[in-house]
Amino acid sequence: FQRIVLASRPSGEVTANNFRLETVPVPTIMDGQVLIRNHFLSLDPYMRVRMDDAKNYAAPQALNETMIGGTVGEIIASKNPQFQIGDKVIGMMGWAEIGVSDGTLLRKLDTTHIPLSAYLGAVGMPGMTAWYGFTQIMQAKEGETVVVSAASGAVGSVVGQLAKLRGCRAVGIAGGAEKCAYVVNELGFDACVDYKAANQAGNLAEQLAAATPNGIDAIFENVGGASFDACLLRVNPFGRIALCGMISGYDGGDMAIQNARMLLSMRVTLRGFIISEHLDFWPQGLKELGSLVAQGKLKFRESIAPNLATAPEAFIGLLKGKNLGKQLVRLIPE
Ligand code: NDP
């Protein structure tokens with residue numbers, strides 16, 4: 001089967017040369033283990049951070065090892081009584097067509113009402129990230145204004161829809177007219193600022209002000225840098241910031257903030273969080289997200305790369321905003 005390993009660490013922007021596609025033999029499973037055919041691989045921004053050898057909340061990705069990654073798939077051989085052939089499962093099998101697991105961190109999935117791939121997106125880690133930041137950190141009340149960056153993405157799209165369900169004014173920030181139209185017309189946000197167009201016109205602050213006439217009560221920050229800085233200027237007294245990601249800096253971009261004084265003058269609460277450290281919330285959050293998706297109240301889109309060999313290109317695209325919605329890689333023929 002095929003797998004992709006980290007061949008070298010990037011210096012600055014990731015390139016395809018940082019990865020290597022390998023063909024390796026299918027292992028023989030031992031007692032307690034299962035063999036999984038992965039159907040979808042999730043590509044996520046955190047992978048870029050792990051490719052560096054820098055201080056972080058988790059250890060760096062090892063060189064010449066299968067790239068880390070969340071997967072959904074199907075059990076194709078089992079020597080573990082808890083899993084039968086045909087069971088659909090979610091796990092961390094990495095950038096590979098086949099995975100072996102002893103069952104630890106492997107969870108069976110019910111695909112009756114929810115498509116398998118959604119467990120990597122709206123009903124998976126990104127959805128939980130949105131749910132946790134929104135319910136536990138932003139604590140937005142009805143009528144308040146919530147702003148989320150990378151609004152059309154896997155996490156951001158869920159944040160805005162949760163905000164709408166809560167009766168908030170939901171404002172997105174996204175790159176490009178197509179993404180903004182999707183955020184407003186399909187996801188139901190009240191407004192979306194196209195930061196790329198605004199940066200070109202030099203009027204990001206004005207556009208954000210027009211979209212947030214009552215200021216901003218809670219920010220869900222996915223990007224960092226200039227758009228975060230612009231949001232800080234609009235934050236209301238006792239605003240809350242869920243600091244979730246700073247993707248504009250992962251590949252070496254500028255992360256400078258000019259308006260940090262607003263944190264003090266507006267008595268803001270800012271909390272960074274890592275969703276994998278809050279597993280106790282997952283059953284409740286996933287239940288809520290799953291029922292919203294099953295009822296059609298939580299919408300999502302996916303960008304799907306066609307096979308494992310195209311994963312590096314899709315990943316580089318994710319870091320440049322080429323994806324619309326959750327970026328996945330298909331690992332079995334359609
Ligand atoms: P998305 O599906 O939102 O895809 C990434 C998006 O980020 C791109 O589509 C692009 O959207 C935007 N982006 C990429 N590069 C830049 C850039 N240089 N400047 C501005 N925007 C950029 O990814 P996710 O929803 O999976 O993740 C969103 C954020 O959430 C990331 O920062 C990620 O690290 C973070 N995260 C944090 C977790 C945690 O536990 N704290 C868990 C999961 C995710 P656009 O075209 O609109 O710019």
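In this predicted model, the domain assignment divides the protein chain into domain 1, made of residues 2-121 together with 300-330, and domain 2, covering residues 125-276. The C-alpha centres of domain 1 and domain 2 are separated by 28 Å. Where the two meet, domain 1 contributes 15 residues and domain 2 contributes 16 residues. On the domain 1 side of this contact, seven residues are nonpolar, five are polar and three are charged. For readers who work from annotations, an unreviewed UniProt entry places the feature "domain: Enoyl reductase (ER)" at residues 15-329. The C-alpha atoms at the ends of residues 15-329 lie 18 Å apart, and this span is 30% helix and 23% strand.

A helix pair comes next. Two packed helices are described by the angle between their axes and the distance between the axes. For helix α2 (residues 125-138) and helix α10 (residues 282-294), the angle is about 105° and the axes are 10 Å apart. Angles of 65 to 115 degrees count as roughly perpendicular, and α2 and α10 are therefore described as roughly perpendicular to each other. The contact brings G127, M128, W131 and Y132 of α2 together with W282, G285, L286, E288 and L289 of α10. Six of the residues in this contact are nonpolar, two are polar and one is charged.

Q139 sits in the loop between α2 and β8 (145-149), and its phi is near 45°, a positive value in a residue other than glycine. Q139 counts as partly exposed because it has 14 C-beta neighbours inside 10 Å. R267, found in the loop between α9 (261-265) and β13 (269-272), also is not a glycine and has a positive phi of about 50°. R267 has 12 C-beta neighbours inside 10 Å and therefore counts as exposed; the cut-off for that class is 12 or fewer.

A further loop position is T66, located between α1 (46-51) and β4 (71-78). Its 18 C-beta neighbours inside 10 Å explain why T66 counts as partly exposed, since a buried residue needs 20 or more. Apart from neighbours within four places in sequence, T66 is in contact with R3, V5, G94, W95 and A96.

Key
Residues are numbered from 1 along each chain as its sequence is written. This is a predicted model: local features need pLDDT of at least 70, side-chain atom pairs count only at pLDDT 80 or more; totals for chains, interfaces and linings use all residues. UniProt positions are given in the numbering used here, feature names are shortened, and annotations may be inferred rather than shown by experiment. Helices (H or I, at least four residues) and strands (E, at least two) are DSSP runs, numbered from the N terminus. Two residues are in contact if their C-beta atoms, placed from the backbone, lie within 7 Å. Axes are lines fitted to C-alpha atoms, for helices over the stretch in contact, and angles run from 0 to 180 degrees between N-to-C directions. Angles under 35 degrees count as roughly parallel, over 145 as roughly antiparallel, 65 to 115 as roughly perpendicular and the rest as oblique. Ala, Val, Leu, Ile, Met, Phe, Trp, Tyr, Cys and Pro count as nonpolar, Asp, Glu, Lys and Arg as charged, and the others, Gly among them, as polar. Domain bounds come from an automatic or database domain assignment.
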